[in-house]
Structures are given as C-alpha cells and as structure tokens.
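Subject: Model for your files

Hello,

Please find the structure below, followed by notes on what was found in it.

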Amino acid sequence: MKVIIFSAHDYEKPYFTELNSHNNHEIFFVYNNLNLESAIMAKGFDCVCAFVNDKLDAEVLVKLKELGIKLIALRSAGFNHVNLNAAFELNLPIVRVPAYSPHAIAEHGVALLLTLNRKIHKAYNRSREFNFSLEGLVGFDLYNKTVGIVGTGKIGLEMAKIMHGFGCHVLAYDKYPNTSLNFMQFVSLEEIYKKCDIISLHIPLTNDTNHLINDSAFSCMKKNAIIINTSRGGIIDTKALIEALKANTIKGAALDVYEEEENYFFSDFSGKGIDDDNLARLLTFPNVIVTGHQGFLTAEAIHNIVETTLNNISDFENKLPLINEVKIKKNNH
Ligand code: NAI
C-alpha cells in the first residue's frame, strides 16, 4: 500500500526501512504533524500513519476520506486523539499498536522518580562545573514507602512489580482491577491520595479521566507525595498542579506528558522559546522533571511499534481480520 507517515522521526526510519523489506509497502515520510492544513499531503496515498500528537478530529478525517485514504494506522497504543464517532460514520478503520513494551514506559517512570528524588539532574549539572557540594541534594529511601498505581493494565502492572522490588508497599486503583499480583492491594482513589508517598498514573485519557487529578485530589494528598505521569497530560489539571506546587501541597512531579504537549513535544524550541505559560511555569520548579513524551523510546519498543504497524497495514491490504483495530461503536469515547 502507499503509506504516508506523518510526524516522522529520524529514530524510527531505519526500523521502517529494515522491517518493510518483509511487507513491501511504498512508504513516504513527512516531518509535519497531521492537521487540517497538512492533510492535503495525503493525496494519492492509501494509508495515513499517525502518531500521538497528530490531529484526527472530524474535520481532518473527512478531509482524509475525501482524499481517498482507506486506513488510519496509529503508531501508538493510545487513541484519545482520534474522533472515533467520525471515523465510524466515515467507515474509516483505525488500527493501533496496543502493546509494544510496557517495560519501556514503566522503566522511564522509575527513571523520572529516581532522578527527582535523588536530584540527579542537579548533581549532573553541578559536577560538570566541578561543584561537588551535597547541599540541597537530600532524597529519601524508596524502601518501605507506599506507592499508588492508578491503572493496573499492562504498564501499571510493570510499574507495580518494579516498585515492589524496591521494597515499597503497593496500593492500586482501577475501574476494572487486575488482581494477578498478590502483593498489590486494591483501594479507593481517595485512599491512594491519602496514603501514598508516590502516585503513578497508568490510565488512558477519556472523558472520565480528563483532569482526574485536580484541586480536590491534590488537597487530599500527603505533603511528601510525588506524582508521576507517563500516561497522558490531560489526566492532570496543570493549573491545579502548579497551584499545588506553589503551595507545597505535594513534594514534586515527574512528567513525561503534558496536556498541551502537541504544540511543543517532539520538536526543538531551544532557539525560539515557548508561548505556553503553564508549561514554562512548570519548568521553573526545582521539584518538577519534564521529559518530552519519551517513555516509549527504547530500541525494543520502536522495533515492536514499527513491526506491528506494518503488519496492521498488510492485514488490511490482504483483507485479513484486523486484530488491532480500534473497535468503533457510535458514541464510543
Ligand atoms: P492498558 O489498557 O493495558 O491499561 C489501562 C488500565 O486503565 C486498564 O486496567 C483499565 O481498566 C484502566 N482504566 C481505564 N479507564 C479507567 C478509569 N476511568 N478509572 C480507572 N481505571 C481505568 O493500557 P497501558 O498499555 O497500561 O497504557 C496506559 C496508558 O499509558 C495509555 O493509555 C497511554 O495513555 C499511556 N502510554 C504512554 C506512553 C509514553 O510514551 N509515555 C507510551 C504508551 C502508553
């Protein structure tokens, strides 16, 4: 099939080149994000391959359908950026990569936590200037602390296992609890807020979870709580987080995602600066670490994303069942 890859990154191109030798699709990479203006680039292609910050709202989907696009192949697990009702109306199938390495994201969450707690980011900068002072670098033992896992799907379970390995007590909350780990105790969300020293988010962004972590959630948390978000930015109300940090209601935040990230993440703004005052404010806090949605960025995960994406497209081309199709039903969110 003729495939246009929006939001292409240099890091994924070698994987596409190598793995496509088994599939023989005609692949064209563009660095642009997909939106109403750039959608015209899809003219003459059969399949649009999109990433997390591409816009797949009703207008863009209508445009793509008019241009002759037959399939939308997401290079992500999350599909909160797709208007599923519009795709249903247009009879435009959406395929995704449901799992590629839960380890990659969980391990990144732990990396953020350890960095923030042990102040590795500060120590790194200091030692490069031959400043070996330890003042202001005191952290805390993870051993014996209580960790709350919100969302016990693939990534949440991996996070739970790693934190258990550190000797933490693991509490969890999920709408549909996965009870496969006997050391993990399911509690209410309120108990997570009240009891946990570390809270790690692993739920999808939906209407239900949008701004789940808001003013009232922060006000229930322990003063020494660290919140980790490797899930989707919209789950945390950023303004409420900023207020909580200003008031020292919580100890810190480790963020791989941000609710308005599509304007900035995956691009270099070091020469221009940014207009987003909330993101800029977050970056001023010494007890906040932000990475630009890189939780998935391991060789294994990229390999799996590309392999599954190409197989999804081949299945469509060969009229095989679409095992990774996002089930679209009307009014699905
Ligand atoms: P999953 O589908 O395996 O697990 C999600 C869990 O959330 C399920 O157990 C489900 O029951 C629970 N859940 C759904 N709605 C809920 C609600 N309203 N309240 C409580 N629990 C609810 O998903 P997986 O693979 O563990 O991924 C989790 C999230 O991580 C994804 O939705 C995605 O947003 C994010 N992600 C981030 C990446 C990154 O690079 N930072 C990469 C991949 C995923």
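Strands E6 (residues 146-150) and E7 (residues 169-173) run parallel and are joined by five bridges; two strands pair if DSSP finds at least two bridges between them. Helices (H or I, at least four residues) and strands (E, at least two) are DSSP runs, numbered from the N terminus. This is a predicted model, in which local features need pLDDT of at least 70 and side-chain atom pairs count only at pLDDT 80 or more, while totals for chains, interfaces and linings use all residues. Residues are numbered from 1 along each chain as its sequence is written, and side-chain values use heavy atoms, with hydrogens and water left out.

Ile-149 has Ala-172 of E7 as its bridge partner. Together with helix H6 (residues 154-165), E6 and E7 make a right-handed β-α-β unit. Right-handed means that, with the strands pointing away from the viewer, the path from the first strand over the helix to the second runs clockwise. E7 also pairs with strand E8 (residues 184-186), in the parallel sense and over three bridges. There, Leu-171 has Gln-185 of E8 as its bridge partner.

Next, the aromatic rings. Rings of Phe, Tyr and Trp (its six-membered ring) pair if their centres lie within 6.5 Å; planes under 30 degrees apart count as stacked, over 60 as edge-to-face and the rest as tilted. By this rule the count comes to six aromatic pairs. One of them is the edge-to-face pair of Phe-16 and Phe-29, at 5.7 Å centre to centre with 70° between the planes. This pair links distant parts of the chain, with Phe-16 in helix H1 (residues 13-19) and Phe-29 in strand E2 (residues 26-29), 13 residues apart. Phe-16 counts as buried, at 2% relative accessibility, whereas Phe-29 is partly exposed, at 22%. Here buried means under 20% relative accessible area, exposed over 50%, and partly exposed in between (1.4 Å probe, protein chains only).

Tyr-264 and Phe-269 also form an edge-to-face pair, at 5.0 Å centre to centre and with 75° between the planes. Tyr-264 is buried, with a relative accessible area of 11%; Phe-269 is partly exposed, with 23%. Ring pairs also link Tyr-11, Phe-51, Phe-266 and Phe-296 into a cluster.

One last item: Asn-207 is found in the loop between strand E9 (198-201) and helix H8 (215-220). Asn-207 is exposed, with a relative accessible area of 58%. Asn-207 and Ile-235 are 28 residues apart in sequence and 9.7 Å apart in space, C-alpha to C-alpha.

Regards
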